[in-house]
Amino acid sequence: MFLQAVQNFSSPLNAERSRLLGSTYNISSSKNVELKTAYYLIALNAGDRSELSGVVGLLGSVGRMKYVRPLYRKLKDVDRDLAVKTFEEHKDFYPSTTKGQLAKDLGLK
């Protein structure tokens, strides 16, 4: 997948290029969770804070650990307070195993 190749670049995209990638392909409006997750990981690696609301929205609508765990880990690096706040708001939505693992990842357990 193209976005996985971008994630594996030796140095991450800068925030401007990340935004250009997202807007060129209109990724934020996609219904494909896997695509959005890959893009949001790129945006978070780039330090692109303009996508934080999209990240939070996705974290509140998807419960699979495959998607939420990597996003929470990167979000924690960019804005730990937002990551914890988002987790606290949505923790009852997540399956118990996912909830427990995310709490550990965020240092809450």
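**Helices and rings: a short tour**

Hi everyone! Let's start with two helices that run roughly antiparallel to each other, helix 2 and helix 3. Please keep in mind that this is a predicted model.

How do we get to that description? Helix 2 covers residues 15-25 and helix 3 covers residues 33-45, and their axes cross at roughly 160°. An angle over 145 degrees counts as roughly antiparallel, so that is the label this pair receives. The two axes come within 8 Å, and the crossing is left-handed.

Which residues make this contact? From helix 2 we have Ser18, Arg19, Leu21 and Gly22, and from helix 3 come Tyr39, Ile42 and Ala43. Sorted by class, the contact of helix 2 with helix 3 contains 4 nonpolar residues, 2 polar ones and 1 charged one.

Now let's stay with helix 3 and look at another partner, helix 4, which spans residues 52-59. Here the axes come within 10 Å and cross at roughly 140°. That angle makes helix 3 oblique to helix 4. This crossing, too, is left-handed.

On the helix 3 side, the residues are Val33, Lys36, Thr37, Tyr40 and Leu44. They meet Leu52, Gly54, Val55 and Leu58 of helix 4. In the contact of helix 3 with helix 4 there are 6 nonpolar, 2 polar and 1 charged residues.

A pair of aromatic rings is described by the distance of the centres and the angle of the planes. How many aromatic pairs does the structure hold? There are 6. In one of them, Tyr39 and Tyr40 sit 5.7 Å apart, centre to centre, with 45° between the planes, and this pair is tilted.

Another pair is Tyr72 with Phe87. Why is this pair called edge-to-face? The planes stand at 85°, so the pair gets that name, and the ring centres are 6.2 Å apart. The pair links distant parts of the chain, with Tyr72 in helix 5 (residues 65-78) and Phe87 in helix 6 (residues 80-90), 15 residues apart.

Are Tyr72 and Phe87 buried or exposed? Both are buried. Together with Phe93 and Tyr94, these two residues form one aromatic cluster.

How values were computed. Residues numbered from 1 in each chain as written. Predicted model: local features only at pLDDT ≥ 70, side-chain atom pairs only at ≥ 80, totals over all residues. Heavy atoms only, no water. Axes fitted to C-alpha atoms, helices over the stretch in contact; angles between N-to-C directions. Helix = DSSP H or I, 4+ residues; strand = E, 2+ residues; numbered from the N terminus. Parallel < 35°, antiparallel > 145°, perpendicular 65-115°, else oblique. Left-handed = near helix turned anticlockwise from the far one by under 90°. Contact = heavy atoms within 4.5 Å. Nonpolar A, V, L, I, M, F, W, Y, C, P; charged D, E, K, R; others polar. Phe/Tyr/Trp six-rings, centres within 6.5 Å; stacked < 30°, edge-to-face > 60°. Buried < 20%, exposed > 50% of the residue type's maximum accessible area, 1.4 Å probe, protein only.
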